[in-house]
Amino acid sequence: MEDFHWLLFALLAVAVWRYRYPPPRDGGDAALPPPRWRTLAQAMTQDGDNLLLLRLLAASAVIYGHSYAVSGIPGAADHIARQGWGYGLYSGSIAVQVFFAISGFLVTGAWLRRPDLGFFLRSRALRIVPAYLACLAISALLLGALLTDLPRGDYFADPQTWRYLWKNLTFSTEMVWQLPGVFASNPRPGTVNGSLWTLVVEARVYIWLALCGLLGLLDRRDRFFYAAALLVAAAYTGFPLPMMPIGEFLTLAGFFLAGSAFYRWRDVVPFRGALVPALFALAVFAHGSDVFMPLYGLALCYAVFWFAYGPRRLLGFNRLGDYSYGVYLWGFPIQQIVAGALDRPTPTRITLIALPCALAAGVLSWHLLEKPLLRFKQRRRSAAAVTPATAAATTG
């Protein structure tokens, strides 16, 4: 088993122990003098936020970005990638970074409001596992059986069919990308769902957050600062961190950490819309240097939380529901189906057809599966209020 599985089992054992013997709470932070500017914490006191809308826009951007890869056109790249920024930046990668910044922000807040390990693990599992399992099962057992080039009996007799379901469900880094005979003649052959790897990262940062919470590193800003500084130093020096392979995993974990830091320092972070273009201008000026990615990450995270708590006229979207996770899960396989059905699968045509289909899948996933199961999260609910955005927290 991987480090992730050993640590998960250890956390489950600790959760059972703490259920029987809850520890005393830490005293928390010392009071800060009130800042002279409007802060993120003050902006958060408004009724509602725009996080559901932002997450749906991010899920749509992932579909747009993947359409270029799914089309199979050599050298095809979206508008952002064509600007030559490097660092793997394109619409899909930026959207996933937005997901992780939001997730770090909301999940850290959820832990600090209720530092109950059992409740935390149950909440995170109910949020990501049921819809993920449904996506894997329907892809392998229904869509795969309908789309495979193999005889139906051979398809179900192939061990790869069941490995796709089981191996991916364990959140292993050794993911199974293909189903026997499925999408074999597509412009991008074989890959059933290229979006799922980010859920492997998401599960790991949840475990990291729980470990930090158990050690009391989230309770006070000074502890959080030193812990974050050590993690960043380890990442930059190439020191191997448990559950975090070097590369894209660490990049997304960094955005999760940044979102967590924004929540922890929300009482002092200034909330001004003018800072959004100023921070992006600073990042553009530093392009090509070693500080570009940190400055870009700061600018993107600040823009995320300004959008979340700034424009109040967009709050009406929250009446609909949190469709982003289902859109994210189903976007790639729907794009593969569309690409295989079109005689000329251009990125624009794939996006225009796949996006509304993925949105329909997201609506069904939310109303038939995700929302009903989230009610089980509220068992033994504390008296503290839980905001709708927090209840819906995830990555995509």
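Author: Let us begin with a salt bridge, meaning a side-chain nitrogen of Lys or Arg within 4 Å of a carboxyl oxygen of Asp or Glu: R220 forms one with D222, and their closest N and O atoms are 2.8 Å apart. Please keep in mind that this is a predicted model, in which local features need pLDDT of at least 70 and side-chain atom pairs count only at pLDDT 80 or more, while totals for chains, interfaces and linings use all residues. Residues are numbered from 1 along each chain as its sequence is written, and side-chain values use heavy atoms, with hydrogens and water left out.

Reader: Is R220 buried or exposed, or something in between? And what about D222?

Author: R220 is partly exposed, with a relative accessible area of 27%, and D222 also counts as partly exposed, at 33%. Buried means under 20% relative accessible area, exposed means over 50%, and partly exposed is in between, with a 1.4 Å probe and protein chains only.

Reader: How many salt bridges does the structure hold?

Author: The structure holds eight salt bridges. Another one joins the side chains of R349 and D343, at 3.6 Å from N to O; R349 is partly exposed at 30% relative accessible area, whereas D343 is exposed at 67%. Salt bridges that share partners also join R55, R127, D322 and E370 into one network.

Reader: Which residue does D322 pair with, and how far apart are the closest N and O atoms?

Author: D322 forms a salt bridge with R127, and the closest N and O atoms are 2.9 Å apart. D322 lies in the loop between helix 13 and helix 14 while R127 lies in helix 6, so the pair ties together parts that are 195 residues apart in sequence. The helices here are DSSP runs (H or I, at least four residues), numbered from the N terminus. D322 is buried, with a relative accessible area of 1%, and R127 is buried as well, with a relative accessible area of 1%.

Reader: Changing topic, what is the volume of the largest pocket?

Author: The largest pocket has a volume of about 1300 Å³. On a 1 Å grid over the protein atoms alone, a pocket is an open set of points with protein on both sides within 12 Å along at least five of seven lines, a cavity is a set of points where a 1.4 Å probe fits but cannot get out, and lining residues have an atom within 4 Å of a point. Grid points are joined across faces, edges and corners, and a volume is the space filled by probe spheres set on the points.

Reader: Which residues lie nearest the centre of that pocket?

Author: The largest pocket is lined by 40 residues, and V232, L250, G254, F255 and L257 lie nearest its centre. The largest share of the lining, twelve residues, comes from helix 11. By class, the lining of the largest pocket divides into 30 nonpolar, eight polar and two charged residues, where Ala, Val, Leu, Ile, Met, Phe, Trp, Tyr, Cys and Pro count as nonpolar, Asp, Glu, Lys and Arg as charged, and the others, Gly among them, as polar.

Reader: And how many cavities are there?

Author: The structure holds three cavities of 30 Å³ or more. About 50 Å³ of space lies in the second largest cavity, and the residues that line this cavity include L143, L147, F183 and P333. Helix 6 (residues 117-147) gives the largest share of that lining, four residues, and the lining has seven nonpolar, two polar and no charged residues.

Definitions and conventions
Helices (H or I, at least four residues) and strands (E, at least two) are DSSP runs, numbered from the N terminus.
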